[in-house]
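User: I have a model open and want to go through it. Can you take some questions?
Analyst: Go ahead.

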Amino acid sequence: MERNAKDFVKLNELLREKEELTAKLEERMNRWMYLEDLAEKIAAQSTV
């Protein structure tokens, strides 16, 4: 970003890409938390 600080078109592209990647990461983290919770529930049921 520093290299493109004066190139506003490129800076906007980089910011848009960062936002998209952040959204994908958040989506995947939420999925991971869901699956982790599900795995814990399955493990708890199998010990009963």
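User: Which side chain does Asp37 meet in a salt bridge?
Analyst: That of Lys41, with an N to O distance of 3.4 Å. Keep in mind that this is a predicted model.

User: Where do Asp37 and Lys41 lie, and how many residues apart are they?
Analyst: Both residues are in helix 1, four residues apart, and that spacing is about one turn of the helix.

User: Are they buried, partly exposed or exposed?
Analyst: Asp37 counts as partly exposed because its relative accessibility is 36%. Lys41 is also partly exposed, at 48%.

User: How many salt bridges does the structure hold?
Analyst: Two. Besides Asp37 with Lys41, the side chains of Lys10 and Glu13 meet in a salt bridge at 4.0 Å, N to O. The cut-off for a salt bridge is within 4 Å.

User: What separates Lys10 and Glu13 along helix 1?
Analyst: About one helical turn, because they are three residues apart in helix 1. Lys10 has 32% relative accessibility and so counts as partly exposed. Glu13, at 38%, is partly exposed as well.

User: Why would such side chains pair at all?
Analyst: Side chains of opposite charge can pair when their charged atoms come close.

User: Changing topic. How many helices and strands are there?
Analyst: One helix and zero strands. Helix 1 covers residues 8–46.

User: What does the C-alpha trace span along its principal axes?
Analyst: About 65 × 15 × 5 Å.

User: And what share of the residues is buried?
Analyst: Buried residues make up 4% of the 48 in the protein. Buried here means under 20% relative accessible area.

User: What is the accessible surface of the protein, and how much of it belongs to carbon and sulfur atoms?
Analyst: The total is about 4,800 Å², and carbon and sulfur atoms account for 57% of it.

User: Which residues form a nonpolar patch on the surface?
Analyst: Leu25, Met29, Trp32 and Met33 form one, with about 440 Å² of accessible area together. Trp32 is found in helix 1.

User: Now Phe8. Where is it, and is it buried or exposed?
Analyst: Phe8 is in helix 1. Phe8 counts as exposed because its relative accessibility is 60%, and the cut-off for exposed is over 50%.

User: What distance separates the C-alpha atoms of Phe8 and Tyr34?
Analyst: They are separated by 39 Å, with the two residues 26 apart along the chain.

Notes
Residues are numbered from 1 along each chain as its sequence is written. This is a predicted model: local features need pLDDT of at least 70, side-chain atom pairs count only at pLDDT 80 or more; totals for chains, interfaces and linings use all residues. Side-chain values use heavy atoms; hydrogens and water are left out. Patches are made of residues with over 30% relative accessible area and no salt bridge: like charges are joined within 9 Å, nonpolar side chains (Val, Leu, Ile, Met, Phe, Trp, Tyr) within 5 Å. Accessible areas come from the Shrake-Rupley method with a 1.4 Å probe; for residues, only the protein chains shown count as cover. Helices (H or I, at least four residues) and strands (E, at least two) are DSSP runs, numbered from the N terminus. Buried means under 20% relative accessible area, exposed over 50%, partly exposed in between (1.4 Å probe, protein chains only).
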